[in-house]
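Have the viewer open as you read.

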Amino acid sequence: MISNKARYAFRALLAIAASPEGEATTSAEIARRYNIPHKFLEQILLDLRKSGILESKRGKSGGYVMLRPADTVSFGEVLRIFEGPLAPLPCLSRQSYRRCEDCVSEAQCEIRREFGRAYDASRAVLDTRTIGDALGDTSYAAPWRREERFAG
């Protein structure tokens with residue numbers, strides 16, 4: 001599961017990206033709307049600013065705006081900022097590769113092969129889906145949520 005910090009980062013980015021172009025969104029507004037502790041949110045927004053995703057504006061109409069277009073900010077990029085490498089095994093990581101201590105042969109490792117398949121599939125989604133995609137896509141509803149709608 002992703003951390004609250006990453007989840008709040010996504011909520012904040014979606015709120016800021018959904019604002020009319022050039023209109024800043026305040027951290028207080030985001031914190032209030034999503035019930036996020038304000039000081040915690042400020043740290044998250046600072047990390048997003050340092051990463052070159054957001055820009056902060058000062059003054060009466062200040063707040064945060066997207067520095068880059070929302071369709072260039074992938075879910076994978078944001079997740080790595082807050083969670084670090086996404087690979088489930090150190091031997092699969094591209095950024096933090098490390099051979100597993102008990103590994104005899106990476107080429108013959110069944111565990112690496114199966115987790116590699118799952119990792120490739122999730123990375124393909126996370127690195128191609130963007131904040132902009134999420135704002136325009138209302139097609140996905142979790143299967144358990146669809147069933148709840150039809151139950152009793």
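Leaving aside its neighbours within four places in sequence, which residues is Gly52 in contact with?

## Starting at Gly52

Setting aside anything within four places in sequence, Gly52 is in contact with Leu67 and Arg68. Keep in mind that this is a predicted model. As for where to look, Gly52 sits in the loop between helix 3 and strand 1 (54–57).

There's also a handy distance from here to helix 4, the stretch covering residues 75–83. Gly52 and Val78 are 26 residues apart in sequence, and their C-alpha atoms are 11 Å apart in space.

## The overall picture

Zooming out, the protein chain has seven helices and two strands. Going along the sequence, the order is α-α-α-β-β-α-α-α-α. The radius of gyration is 19 Å, well over the 15 Å that the globule rule gives for 152 residues, so the chain is more spread out than a compact globule.

Of the 152 residues, 32% count as buried. Take the contacts with a separation of 6 or more: 59% of them are between residues 24 or more positions apart. The accessible surface comes to about 10,100 Å², with 51% of that belonging to carbon and sulfur atoms. On the charge side, there are 24 positive and 20 negative side chains, and the centres of the two sets lie 4 Å apart.

## Helix 4 and what covers it

Which residues of helix 4 are buried? They are Phe75, Gly76, Val78, Leu79 and Phe82. These residues cover an arc of only 160° around the axis, which puts them on the same side of helix 4.

The cover over those buried residues comes from several parts of the chain, including helix 1 (4–18) and helix 3 (38–50). Helix 5 (110–128) and helix 6 (131–136) are also among the elements covering them. Just after helix 4, Gly84 takes a positive phi of about 80°.

Is Thr128 buried or exposed? Thr128 belongs to helix 5, and with a relative accessible area of 54% it is exposed.

Thr130 lies in the loop between helix 5 and helix 6. At 7% relative accessibility, Thr130 counts as buried, the cut-off for that being under 20%. Neighbours within four places in sequence aside, Thr130 is in contact with Ala70, Asp71, Thr72, Val73, Ser74 and Phe75. Phe75 turns up here again, having been listed with the buried residues of helix 4.

## A backbone detail at Asn35

Most residues other than glycine have a negative phi. Asn35, though, has a phi near 55°, a positive value in a residue other than glycine.

Where is Asn35 found? You'll see Asn35 in the loop between helix 2 (27–34) and helix 3. At 67% relative accessibility, Asn35 counts as exposed.

Note on methods: Residues numbered from 1 in each chain as written. Predicted model: local features only at pLDDT ≥ 70, side-chain atom pairs only at ≥ 80, totals over all residues. Heavy atoms only, no water. Helix = DSSP H or I, 4+ residues; strand = E, 2+ residues; numbered from the N terminus. Rg over C-alpha atoms; globule rule 2.2 N^0.38 Å. Buried < 20%, exposed > 50% of the residue type's maximum accessible area, 1.4 Å probe, protein only. Contact = heavy atoms within 4.5 Å. Areas by Shrake-Rupley, 256 points an atom, 1.4 Å probe, with all protein chains shown as cover. Lys, Arg positive; Asp, Glu negative; His and termini not counted. Charge placed at Lys NZ, Arg CZ, Asp CG, Glu CD. Arc of directions from axis to C-beta.
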